[in-house]
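Dear colleague,

I am passing on the structure we spoke about, together with some notes on its sheet, its core and the contact between its chains. Please look at the coordinates first and then read on.

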There are 2 protein chains.
Amino acid sequence: MIAETPKPPYYAVIFTSLRREGDDDGYAETAGRMLELATLQPGFLGFESARAGIGLSVSYWRSLEAIAAWKNNAEHRQAQHNAQQWYEAYRIRICRVEKEYGF
Amino acid sequence: MIAETPKPPYYAVIFTSLRREGDDDGYAETAGRMLELATLQPGFLGFESARAGIGLSVSYWRSLEAIAAWKNNAEHRQAQHNAQQWYEAYRIRICRVEKEYGF
């Protein structure tokens, strides 16, 4: 689904990742739980995700404060702690959305 | 591939799309050509893309001016003109990348 987001400005977190080969090791369950938790956070606006070789997930947020609060969520911090077990590499880019259009 | 981008600030264009069902109708060729052209544009920094249900493509740019110049590229404008034939819906979000981290 394409996220329905408000009129800019708002914020986006672009999470680009390369999964490790091998068994799932709780990954799918954790990823699902993290999305569920994120949607409950104050200031969460939407989420888009696709994987094909690399994974691209974009979450949208009302403010930088909302992103910081999500980053510091205790269960999310535990998942972050396990990130190196699931990912070969990842980049997180925190962005201010300035303009949006489309059809 | 995860894009290698410089120290922020720089810009990102998040392109989220839903393809139409049906035949390709020149889509793959045009998409490949647009990526080839984009990489030749002044200020192009990198590109990441994945599709699974929705498509997510993120291109990274040095400046808003570089993004505007790419938008106005003649061959790109022709492709934009055909967009409704390939896409059920799309959103373009123009963002200023303020922070980047990862491993």
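The notes below start with the sheet and end with the nonpolar core.

Please keep in mind that this is a predicted model. In it, 8 strands form an open sheet in the order 2(A)-3(A)-1(A)-4(A)-4(B)-1(B)-3(B)-2(B), with antiparallel pairing. Strand 2 of chain A and strand 2 of chain B stand at the edges with a single partner strand each, so one side of each has no neighbour in the sheet. On average, and ignoring direction, neighbouring strands are turned by 25° against each other.

The chains meet where strand 4 of chain A runs antiparallel to strand 4 of chain B, the two being joined by 11 bridges; within this pairing, Ile92(A) has Tyr101(B) as its bridge partner. Contacts between the chains involve 30 residues of chain B and 30 residues of chain A. On the chain B side, strand 4 gives the largest share, 14 residues, and the residues of that side divide into 18 nonpolar, 4 polar and 8 charged.

Helix 2 of chain B lies across strand 1, strand 3 and strand 4 of chain B, at about 40° to strand 1 of that chain.

The largest nonpolar core has 30 residues, and those with the most contacts inside it are Tyr11, Ala12 and Cys95 of chain A and Tyr11, Ala12 and Cys95 of chain B. Beyond its neighbours within four places in sequence, Ala12(A) is in contact with residues that include Val58(A) and Cys95(A) as well as Ile14(B) and Cys95(B).

Best regards

Definitions and conventions. Residues numbered from 1 in each chain as written. Chains lettered and ligands numbered in written order. Predicted model: local features only at pLDDT ≥ 70, side-chain atom pairs only at ≥ 80, totals over all residues. Contact = placed C-beta atoms within 7 Å. Helix = DSSP H or I, 4+ residues; strand = E, 2+ residues; numbered from the N terminus. Nonpolar A, V, L, I, M, F, W, Y, C, P; charged D, E, K, R; others polar. Pairing = 2+ DSSP bridges. Core = buried A, V, L, I, M, F, W, Y, C linked by C-beta atoms within 7 Å. Buried ≥ 20, exposed ≤ 12 C-beta atoms within 10 Å, placed from the backbone. Axes fitted to C-alpha atoms, helices over the stretch in contact; angles between N-to-C directions.
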